[in-house]
Amino acid sequence: MSTASEPRQLSVSKCYGGSLYKFAHQSTSLGCEMKFSAFVPAGQAAAYPALFFLSGLTCNEDNFITKAGAIRKASELGLILVCPDTSPRGLNIEGEEDGWDFGTGAGFYVNATEAKWKNYQMDSYVNRELFEVLPKVLPIDLARVSIFGHSMGGHGALVSFLRNLGKYRSVSAFSPICNPVECPWGVKAFTGYLGSSVESWKQYDATELVKTYRGPKIEILVDQGSADSFLDNQLRPESLLKAASENPSHVQVNYRLQPGYDHSYWFIQTFVDDHLEFHAKALFVNQ
């Protein structure tokens, strides 16, 4: 098995006393160059807890770090922020640029099984390869990592947490795609990446995973805007809430429907401090 390559630093800027980096590296999971952004707080700690943010459709490693207004609070709390890209890029696969909701910028955080999309191994990239790559360039404590995301990335965060119990201490999401096997975005992506078997899709569906989860009780924080144009057709939070209500000994969803907010980064920016504080409670317990 090949090992992760040494990332090269593309840029660094001082921000809130800490450092905001961008790195690139050759990904062994995806077979292409990948980039990620990371904020490291000021201080002399040998290693800091980290919070991964997974972005949504059409986004890359820049969207959250530049639009969410999260760095001030991350600096205050002493958290590393890690923002990976959302898909492989530049593979020259026929059709990868044909739509905004499949292919480039739309990896859906799954490991594709269809031969044409064999490089789309975003589940392995986020949950395996980054854990090899990040310590090469960041003072990260891999025993204290949490994860959150937005929309497609909210789906990715929920699924990453539920599929990798013990790897992440906590999970939250903004406007997540909660039940992709039942929504147009999910059906399109899962058919393309995973084939026609709906049963194989369920391993990447947070609602389905919550139904069968039997581990220690977990709390999931979800913020959703009531004016989100994707709420009813694509996001389906009611499915996740129903699954959790039928498994109350194991899963609690703290679902906050925020009146008048939409799907944008203005929504994320408004409530991001709550999410960082939520994760900090988990990351700084039993250090």
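Start with the largest nonpolar core of this predicted model, a set of 68 residues. Select Phe 52, Phe 108, Val 126, Leu 138, Ile 147, Phe 190 and Tyr 193, the members that touch the most others in that core. Another core, of 22 residues, lies apart from the largest one. To find this other core, select Phe 53, Cys 59, Ala 74 and Phe 271, which are among its members. In soluble globular proteins, nonpolar side chains tend to be buried together.

Next, switch to a cartoon view and colour the strands. Nine of them form an open sheet with mixed pairing, in the order E1-E2-E3-E5-E4-E6-E7-E8-E9. Which strands stand at the edges? They are E1 (8-15) and E9; each has a single partner strand, so one side of each has no neighbour in the sheet. From one strand to the next, the twist averages 20 degrees.

Strand E2 (residues 18-26) pairs with E1 in the antiparallel sense, over seven bridges.

Helix H4 (152-163) touches strand E4 (48-54), E6, strand E7 (171-174) and E8, and its direction makes about 140 degrees with that of E6. Helix H9 (residues 237-245) touches E8 and E9, with its direction at about 150 degrees to that of E9.

Stay on H9 and select Pro 237, Ser 239, Leu 240, Ala 243 and Ala 244, which are buried. These residues are on the same side of H9, because they cover an arc of only 160 degrees around the axis. What covers them includes H4, helix H7 (206-212), strand E8 (218-225), helix H8 (231-235) and strand E9 (251-258).

Finish at His 150, in strand E6 (residues 140-150). Is this residue buried or exposed? His 150 is buried, because its relative accessible area is 5%, and the limit for buried is under 20%. Leaving aside neighbours within four places in sequence, its contacts are Phe 53, Leu 54, Ser 55, Gly 56, Phe 174, Ser 175, His 263, Tyr 265 and Ile 268. For one of these, His 263, show the backbone oxygen: it lies 3.0 Å from a polar atom of the His 150 side chain.

Methods: Residues are numbered from 1 along each chain as its sequence is written. This is a predicted model: local features need pLDDT of at least 70, side-chain atom pairs count only at pLDDT 80 or more; totals for chains, interfaces and linings use all residues. Side-chain values use heavy atoms; hydrogens and water are left out. Helices (H or I, at least four residues) and strands (E, at least two) are DSSP runs, numbered from the N terminus. Buried means under 20% relative accessible area, exposed over 50%, partly exposed in between (1.4 Å probe, protein chains only). A polar contact is a pair of N or O atoms within 3.5 Å; within protein, one must be able to donate a hydrogen and the other to accept it, and residues adjacent in sequence count only if both atoms are side-chain atoms. Contact means heavy atoms within 4.5 Å. The arc is that of the directions from the helix axis to the C-beta atoms. A nonpolar core is a set of buried Ala, Val, Leu, Ile, Met, Phe, Trp, Tyr and Cys residues joined through side-chain atoms within 4.5 Å. Two strands pair if DSSP finds at least two bridges between them. Axes are lines fitted to C-alpha atoms, for helices over the stretch in contact, and angles run from 0 to 180 degrees between N-to-C directions.
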